[in-house]
Amino acid sequence: MRTTLTLDPDVEQYIREACHKRKASFKRVVNDALRASLKPVTGPEPTLLKPRSMGLAPGIDHRRLSELADELELEAHLAAEDPKAYNRGKS
């Protein structure tokens with residue numbers, strides 16, 4: 001297939017350098033680069049890790065961790081907004 005392709009100046013320079021190093025044509029270098037970057041990746045199947053205990057301290061409910069994160073974020077926001085007005089029960 002014949003097509004017109006507009007290259008950025010740095011990309012053109014990379015291709016020209018590759019042509020020189022490989023002693024290959026512009027067409028060959030562009031086709032090889034596109035083929036290598038667009039070819040579907042094949043490899044081993046991902047390995048699944050076995051679940052294990054999170055080691056939470058007694059009394060911590062892992063189902064409510066997002067609520068804890070929300071509370072901590074709110075406290076940090078309030079403390080940053082006005083540290084003097086927000087005293088979080090400290091005397």
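Select residues 9-22, helix α1, and residues 26-38, helix α2. In this predicted model, the two helices pack with their axes 9 Å apart, at an angle of about 110°. Angles of 65 to 115 degrees count as roughly perpendicular, so α1 and α2 are roughly perpendicular to each other.

Next, show the side chains where these helices meet. On α1, pick Ile15, Arg16, Ala18, Cys19 and Arg22. On α2, pick Phe26, Val29, Val30 and Asp32, which those α1 residues contact. Sorted by class, this contact holds six nonpolar and three charged residues, with no polar ones.

Keep Phe26 and Val30 selected; both also line the largest pocket. The pocket has a volume of about 330 Å³. Its lining divides into six nonpolar, two polar and two charged residues.

Finally, colour by pLDDT. The protein has a mean of 86, and 91% of its residues reach 70 or more. Select α1 again: confidence is highest here, at a mean of 96. Then select residues 65-81, helix α3, where confidence is lowest, at a mean of 88.

Key: Residues numbered from 1 in each chain as written. Predicted model: local features only at pLDDT ≥ 70, side-chain atom pairs only at ≥ 80, totals over all residues. Heavy atoms only, no water. 1 Å grid on protein atoms, 1.4 Å probe; cavity = no way out; pocket = protein on both sides within 12 Å on 5 of 7 lines; lining within 4 Å. Points joined across faces, edges and corners; volume = space filled by probe spheres on them. Nonpolar A, V, L, I, M, F, W, Y, C, P; charged D, E, K, R; others polar. Axes fitted to C-alpha atoms, helices over the stretch in contact; angles between N-to-C directions. Helix = DSSP H or I, 4+ residues; strand = E, 2+ residues; numbered from the N terminus. Parallel < 35°, antiparallel > 145°, perpendicular 65-115°, else oblique. Contact = heavy atoms within 4.5 Å. pLDDT = per-residue confidence, 0-100.
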